[in-house]
Amino acid sequence: MIVVLKPGTPEQKRDQLVSWIEGQGLEVHMSVGKTQTLLGMVGDTSCIDKDLLECLDIVDTVKVVTDPFKLGNRKFHPADSIIDVSGVKFGGDNFPVIAGPCSVESEEQIVAIAKAVKASGARMLRGGAFKPRTSPYDFQGLKADGLELLRIARKETGLPIVSEVMGVEDLPLFEDIDMIQIGARNMQNFNLLKAVGRLNKPVLLKRGLASTLKEFLMSAEYIMAGGNTNVILCERGIRTFGDYMRNTLDLAAIPMLHKLTHLPVIVDPSHATGIAELVRPMALASAACSADGLIIEVHNDPMHAKCDGAQSLTPEAFDDLIKDVMTIRSVAVRK
């Protein structure tokens with residue numbers, strides 16, 4: 001349920017109403033706009049008399065939200081959320097690009113790639129230390145040592161870092177990682193979602209392999225319900241009948257998510273296609289259809305990469321791409 005207050009409502013009367021609602025056992029999330037103030041109620045609102053609220057002299061309208069996701073709902077928070085990751089902002093008019101290898105392999109590798117992508121305009125460095133692989137025989141990542149190498153690359157370049165966590169037990173290792181990634185396979189790992197919800201740290205949440213948008217947003221809701229509202233959504237392709245690409249990039253999901261939620265939405269064209277030559281057109285298309293940023297895999301020697309070399313761009317290809325992405329983005333924003 002959302003209470004829309006009349007313009008010019010005194011703060012004292014607003015706070016009295018908030019206190020009364022909280023006294024009914026509900027949580028209140030306030031959104032103060034230029035012309036209106038919204039009070040979003042979370043919990044069992046059956047105890048609230050909608051007609052009684054509408055009779056109050058400070059109340060403009062009362063709306064019942066039927067969507068199961070509340071905190072991430074655009075109706076609760078009409079303005080775009082701006083998520084700050086160690087000085088890099090996602091959402092609104094911002095369009096940061098995250099780049100780096102699928103997995104951290106060595107200090108020389110990660111530092112060289114970090115310097116290259118920064119020179120091309122990347123704002124954050126990605127790199128997998130814990131790798132969820134389909135086969136138990138594939139490279140599983142350097143784990144804690146990989147995180148330490150990411151920290152070295154951050155020190156060398158100043159780029160904030162993002163890496164994927166696999167389980168609750170590994171979270172202490174991510175204490176000084178700038179943003180935690182929840183991968184597609186863990187999108188509905190509810191214990192992990194609850195755990196990162198208790199942290200005061202940005203979370204990059206990837207859409208599951210066959211998840212609906214409602215399921216995606218409900219996973220974000222788990223994190224936000226724990227108190228952590230610093231959530232960035234990532235569309236990374238879904239499993240369809242397509243048999244020539246790794247996944248199918250759901251471009252229509254980007255504007256639809258913007259309609260449904262105030263959270264930033266970025267795109268991973270690397271995992272969406274699994275083919276390096278398709279990353280460029282999908283990155284350009286993502287920039288054109290209102291994405292809030294990109295996360296792209298870059299490797300200085302894709303042929304010998306220990307993980308996902310087939311979808312990784314070389315630093316030179318990434319440099320060519322990012323210039324055109326920013327051109328497309330400027331046109332899309334202007335339109």
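Residues are numbered from 1 along each chain as its sequence is written, and side-chain values use heavy atoms, with hydrogens and water left out. Because the model is predicted, local features need pLDDT of at least 70 and side-chain atom pairs count only at pLDDT 80 or more, while totals for chains, interfaces and linings use all residues.

Rolling a probe the size of a water molecule over the atoms shows where empty space is left. Here the search runs on a 1 Å grid over the protein atoms alone: a cavity is a set of points where a 1.4 Å probe fits but cannot get out, and a pocket is an open set with protein on both sides within 12 Å along at least five of seven lines. Lining residues have an atom within 4 Å of a point. Grid points are joined across faces, edges and corners, and a volume is the space filled by probe spheres set on the points.

The largest pocket holds about 250 Å³ of space. Its lining has 19 residues, and K131, P132, R185, R246 and H271 lie nearest the centre. By class, this lining has ten charged, five polar and four nonpolar residues (Ala, Val, Leu, Ile, Met, Phe, Trp, Tyr, Cys and Pro count as nonpolar, Asp, Glu, Lys and Arg as charged, and the others, Gly among them, as polar).

The second largest pocket has a volume of about 190 Å³. Its lining consists of H29, M30, S31, L71, F76, H77, S81, I83, M224, T229 and H262. Six of these residues are polar, five are nonpolar and none is charged. Strand β2 (residues 27-32) gives the largest share of this lining, three residues. Strands (E, at least two residues) and helices (H or I, at least four) are DSSP runs, numbered from the N terminus.

Strand β9 (residues 161-164) supplies the largest share, three residues. The lining divides into four polar, three charged and two nonpolar residues.

Two helix pairs come next. Axes are lines fitted to C-alpha atoms, for helices over the stretch in contact, and angles run from 0 to 180 degrees between N-to-C directions. Helix α5 (residues 190-197) packs on helix α6 (residues 213-225) at an angle of about 40 degrees, with the axes 6 Å apart. That angle makes α5 oblique to α6 (under 35 degrees counts as roughly parallel, over 145 as roughly antiparallel, 65 to 115 as roughly perpendicular and the rest as oblique). F190, L193, K194, V196 and G197 of α5 make the contact with S219, Y222 and I223 of α6, where contact means heavy atoms within 4.5 Å. The residues of this contact are five nonpolar, two polar and one charged.

Helix α3 (residues 107-120) and helix α4 (residues 144-157) cross at roughly 40 degrees, and their axes come within 9 Å. This makes α3 oblique to α4. E107, I110, V111, A114, K115 and K118 of α3 meet L149, L150, I152, A153, E156 and T157 of α4. Seven residues of the contact are nonpolar, four are charged and one is polar.

Finally, S86 has a phi near 50 degrees, a positive value in a residue other than glycine. S86 is in the loop between β5 (83-85) and β6 (88-90).
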